[in-house]
Amino acid sequence: MTEGLLEIAGVSRHFGGLRALSEVSLSVPEGEVHALIGPNGAGKTTLIHQLSGAQTPDAGTIRFAGEDVTRLPMHTRVARGIARSWQVTNVFTRLSALDNVALAVQGRQRDWGGSFRFWAAVDKERAIVDEAAMWLAEVGLAGRERSIAGSLAHGEQRQLELALALATRPRLLLLDEPMAGMGPEESERVVELIERLGRKVTLLLVEHDMDAVFRLADRISVLVGGRLICTGLPDDVRVHPEVRKAYLGEDVA
Amino acid sequence: MAGVGMKSALYRQSARRRGLAVAALVALAALPLLLQAIGQDFYVSFAARLLIFALAATGLNFIVGFGGMVAFGHAAFFGAGAYTVAILAQHGVTSAFVAWPAAAGLAALLALGIGAVSLRTRGVYFIMITLAFAQMIYYLFISLKTWGGDDGLSLPARSGFGPLHLGDDAVFYWVVLACLAAVLFLLDRIAHARFGRVLQAIRENESRMEALGYPVAAYQLACFVIGGTLAGLAGALIANHGLLASPNLLHWTQSGTLLVMVIVGGVGALYGGFAGALTLLLLEEALAAVTGHWHVALGLLLLGVVFYAPRGVAAYLHGLVTRRQNDD
Ligand SMILES: Nc1ncnc2c1ncn2[C@@H]1O[C@H](COP(=O)(O)OP(=O)(O)OP(=O)(O)O)[C@@H](O)[C@H]1O
Ligand SMILES: [Mg+2]
């Protein structure tokens, strides 16, 4: 069997007495759009934290592109090609939308000195500014370049959050409820964006909106109480009795 | 259209800023001549001391205000710079072109070591550990009799500076002013360069920067080293000024004074260190002349600053200037 782009093996994580993740194992092949669903408090965000490097697991290993990344710091994982978005918007609220994304683009520069450059004015670097504007347009924020991020509407901040993650040009993108708190119109735009993205990068998508999940996902995993209770094709997961019982709150009698 | 208008407004603003800076520089350069003309030569030396503290405080402000790291051990770098010059002079090395870069370089190395360890901590712990390192160095120096112990190490004369005679207070003042001006110009460039952009963003949201692929600690360490280097240069100057490398320069109260200058002047403002040194040293000088209880009076005045100009004197003055601009 060939190794997936992302290989999670026996990952556990607890907070005090609470077992937030219990021996989670999952393989995501390159190019897949993989949805992770589960009730509130199931441990979805916690799993994203372990994968992105915001936290390290108590046990288990995480392999990415054939390399063990379990103990790598977050910035190194980003350089390897893992990017994430946050469930609660996490952008630079005092900077303009353009400057936000420009930072993400700049972070990728590996030319001489990288970001250890002390003289030339960065907002005159056309390559960075233009690419940042391109990502803003990509997520539907064209025309908002000069707006201060903190003054953007909630939905727009969610879009900016996506642009930040995209501008790191990841191979694997971890999206934690990208549509949370969005209106139907904005949600639709983001679903379309994810649909387009899904053809280019590997996606692990945490989402509560079931319509979006079944429309976007190649495969779905269900997390309940820190345990992965099933992984499979959307049609199989939909009818899986344990899923219906645990997640959809239905009695299958 | 709007874009074009905005651009030219920005351009006008930065042109005006540059104009103000040049005017201030010319005025400061003319100061010794003015003081000599009115027979107050003594104040030339005082003005040089003020600019040296402005330089040290500017270095600290780069760490605290720009890098977002509240460090309480800046005296270590200030004192290290002073002792480097004095020790080199003791061994016959008196050229400023050797001694001053050596002072700055040693302070940089020291900052690299202290920063690398201290930056593993955050917040109050960072304050405490930088303080502890600085105090260790203080006790080291007062216990070393070869380097003067409690008395400090005196210099036979000011450093040699090519054909310029630094023994002349006015010439020394001009050299100090040139150092300060060059440093402020450099820091302004850094603020708008890739590195400065990264530091500002780290100050706003550290974890988000990690998630964009930035090794945050490396940038913070570089910032810490730059600030420490500037303090080392200021230390070289202060040793030349009083012809003495005193252990007082290394004492924690010195770190405290510099920190107060930064807070009073304006945390994170380019001219914050300058404004703070100016305010504090002028007040100290004026109050000491009229009352023996000048410490109390100074404390009260500082409270006033905190209440009326909570973002610092530099920001307060900047506000006055821009309000004037909007009026006309
Ligand atoms: N830092 C932490 N300290 C203590 N407990 C935590 C911490 N982070 C998460 N938890 C707990 O771990 C469990 C899993 O939380 P997590 O945020 O991963 O759930 P989730 O599946 O993302 O839920 P939601 O759908 O509400 O976002 C919860 O019970 C939560 O309270
Ligand atoms: Mg969550």
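A polar contact is a pair of N or O atoms within 3.5 Å; within protein, one must be able to donate a hydrogen and the other to accept it, and residues adjacent in sequence count only if both atoms are side-chain atoms. The legends below describe a predicted model.

**View 1. The two domains of chain A.** Chain A is split into domain 1, made of 1–81 + 170–253, and domain 2, made of 92–168. Their C-alpha centres are 27 Å apart. In the contact between them, 18 residues of domain 1 of chain A meet 13 residues of domain 2 of chain A. About 1,200 Å² is buried between the two domains, with 61% of it on carbon and sulfur atoms. On the side of domain 1, A:Pro170, A:Arg189 and A:Leu193 lose the most area to domain 2, together 32% of what that side buries.

**View 2. Polar links between the domains of chain A.** Four residue pairs are in polar contact between domain 1 and domain 2 of chain A, both residues at pLDDT 80 or more. The two domains also share one salt bridge. A salt bridge joins the side chains of A:Arg196 and A:Glu138, at 3.2 Å from N to O. The elements of domain 1 that give two or more residues to the side touching domain 2 are α2 (74–80), β7 (172–176) and α6 (184–197) of chain A. Of these, α6(A) gives the most, with six residues. By class, this side of domain 1 has 11 nonpolar, one polar and six charged residues.

**View 3. Surroundings of ligand 1.** There are 14 residues around ligand 1, and A:Gly41, A:Lys44, A:Thr45, A:Thr46 and A:Gln87 come nearest. An oxygen atom of ligand 1 is 2.6 Å from an N or O atom in the side chain of A:Thr46. For the side chain of A:Asn40, the distance from an N or O atom to a ligand 1 oxygen is 3.1 Å. A polar backbone atom of A:Ala42 is 3.2 Å from an oxygen atom of ligand 1.

**View 4. The interface of chain B and chain A.** Here 27 residues of chain B are in contact with 35 residues of chain A. The buried area is about 2,900 Å², of which carbon and sulfur atoms give 59%. B:Arg194, B:Arg197 and B:Arg208 supply 31% of the area that chain B buries against chain A, more than any other three residues.

**View 5. Salt bridges and helices at the interface of chain B and chain A.** The two chains form three salt bridges. B:Arg194 makes a salt bridge with A:Glu125, with the closest N and O atoms 2.7 Å apart. Among the elements of chain B, α7(B) gives the most to the side that touches chain A, with six residues.

Conventions. Residues numbered from 1 in each chain as written. Chains lettered and ligands numbered in written order. Predicted model: local features only at pLDDT ≥ 70, side-chain atom pairs only at ≥ 80, totals over all residues. Heavy atoms only, no water. Domains from an automatic or database assignment. Contact = heavy atoms within 4.5 Å. Buried area = accessible area lost by both parts, 1.4 Å probe. Salt bridge = Lys/Arg side-chain N within 4 Å of Asp/Glu carboxyl O. Helix = DSSP H or I, 4+ residues; strand = E, 2+ residues; numbered from the N terminus. Nonpolar A, V, L, I, M, F, W, Y, C, P; charged D, E, K, R; others polar. Near = heavy atom within 4 Å.
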